[in-house]
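Let's take a walk through this protein together. Have a look at the model below, and then we will go through it piece by piece.

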Amino acid sequence: RLYIYMSFGAAARQLVDKYAVDGDDAQVLAALGDLMDLSAEASTVLTSQIECDGPGALWAVLSLGYLPDDLAVDRRQILLAYTTLPAHLRRHFGPRLSQIFADAGDTDGVSTIGAAVERVSRANDPDLILSRAFDPMEAEANERALQSLARGGNPDEAEALALVIERLLAGGETVPEPFIENAAILAFERFGSPSSQRLKSLEIRSRLANGEVELAIQTFAAAEEEDALPPGEGAVLSGQATRALIEKAVDAEFLQLSLDPYSDGLFRRVDPALARMVSRRLLTLGFPDRAAAVSPPGALGDDDADNAYAAELALVKGDTGTALRLTQRARTTDALRVRARALSAAGRHAEAAQAFARLEKTDESVAESWRASDWTRLMDVSEDARGEVATAVLDLREVEPVPEPPSLAESQTLLDESADLRRVLGDLLNTLPPPAQ
């Protein structure tokens, strides 16, 4: 009990274990020991007292970390219990309780806590600054004091640094490099503590927010290997890292990180929609095998966007049948574009020409018509492409010898087609400017 009073939580727990204290007292003492060390893990022994009066409710709220809306919690009794604590415990719990009341929108409670700490603190006391950090009164002065405290780099000021970085991130602002470096230093010095885990997470989040995607992912990988992150934080950071990779990394950086074997575990933990975004970008950059590997398992939706994506994957693997099946009801531009390419790959050039025409891709449509032996549309190509078409038509290549002479009917058909081609080609050449002398 003396160690708990002095806020020596770890020492109190060691005594409970050493002397094999049992029963309800042991559970309460161990829970209070954790609370003195500001553990982030709630204790049911304490939280079960949330609706009680006096100190029980205070310990319950401090352990829980928030004020529940669905329970009859007497905030006034909690504040009264807090103000009766000895000076050192007021300073110790002031920042945490202040944040709890601030999160609940209770600014009066925040002011009461700050005043209770101020009465037992010297000027510029770190505990006083942290307790005032959420007080809307004199907000600018409080923020300046908090930032000054955060720049100190002292382990005792880790809480201030964490608060400053969290506020910058919440506001979408760039985190200054000295703050990130201090977070890394303090996380190392306090390794194994909840404070260290929080700071390490903020270091990674800050790098991602600043667009330093490669360094953030490298730091993330090392932190996971060392078990240096808060419980469950790995999944959250995986999603943030993947989104930053998609939105902020240039192509070269994106490919370097996406092709790294570490990213396999990264992409497996993110939302399937994010993994598909990575896969789509890999497809665009010409890495179909990696795109297929990154693509999450399981059935896609039945909308055009998902079908177009799946068809794209099938097409780059040479599975034109699947690509055609998935885009059979194509309604969006992306789905129709994939279908047009699949029709061309399947040798169904006349249908491909129609699909490209719906996309207003005239040159591609004419090319597919040509492959389907429809010469009548050669004049539909753009002026820029007409020279290329004429050159291609006039390009004489060796042809396979005909094993047998054609029949009279076949010969007449060839002559008719030749006449049609000569007529279209003549019209085409007439539209071209004469060569410069």
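The helices α5 and α6 pack at an angle of about 95°, with their axes 8 Å apart, and they are therefore roughly perpendicular to each other. Here, roughly perpendicular covers 65 to 115 degrees, axes are lines fitted to C-alpha atoms over the stretch in contact, with angles from 0 to 180 degrees between N-to-C directions, and helices are DSSP runs (H or I, at least four residues) numbered from the N terminus. The model is predicted: local features need pLDDT of at least 70 and side-chain atom pairs pLDDT 80 or more, while totals for chains, interfaces and linings use all residues. Residues are numbered from 1 along each chain as its sequence is written, and side-chain values use heavy atoms, leaving out hydrogens and water.

Which residues meet where α5 touches α6? From α5 come Pro55, Ala57, Leu58 and Val61, and from α6 come Ile78, Ala81 and Tyr82, where contact means heavy atoms within 4.5 Å.

Beyond its neighbours within four places in sequence, Tyr82 is in contact with residues including Leu58, Phe93, Leu97 and Ile113. Tyr82, Leu58, Phe93 and Leu97 are among the residues with the most contacts inside the largest nonpolar core, which has 33 residues. Such a core is a set of buried Ala, Val, Leu, Ile, Met, Phe, Trp, Tyr and Cys residues joined through side-chain atoms within 4.5 Å; buried means under 20% relative accessible area with a 1.4 Å probe, protein chains only. Another core, of 30 residues, lies apart from it and includes Val213 and Leu229.

Finally, visit α22 (residues 333–345), where Leu336, Val338 and Arg339 are among the buried residues. After α22 comes Gly347, with a positive phi near 85°.

Key:
Buried < 20%, exposed > 50% of the residue type's maximum accessible area, 1.4 Å probe, protein only. Helix = DSSP H or I, 4+ residues; strand = E, 2+ residues; numbered from the N terminus. Parallel < 35°, antiparallel > 145°, perpendicular 65-115°, else oblique.
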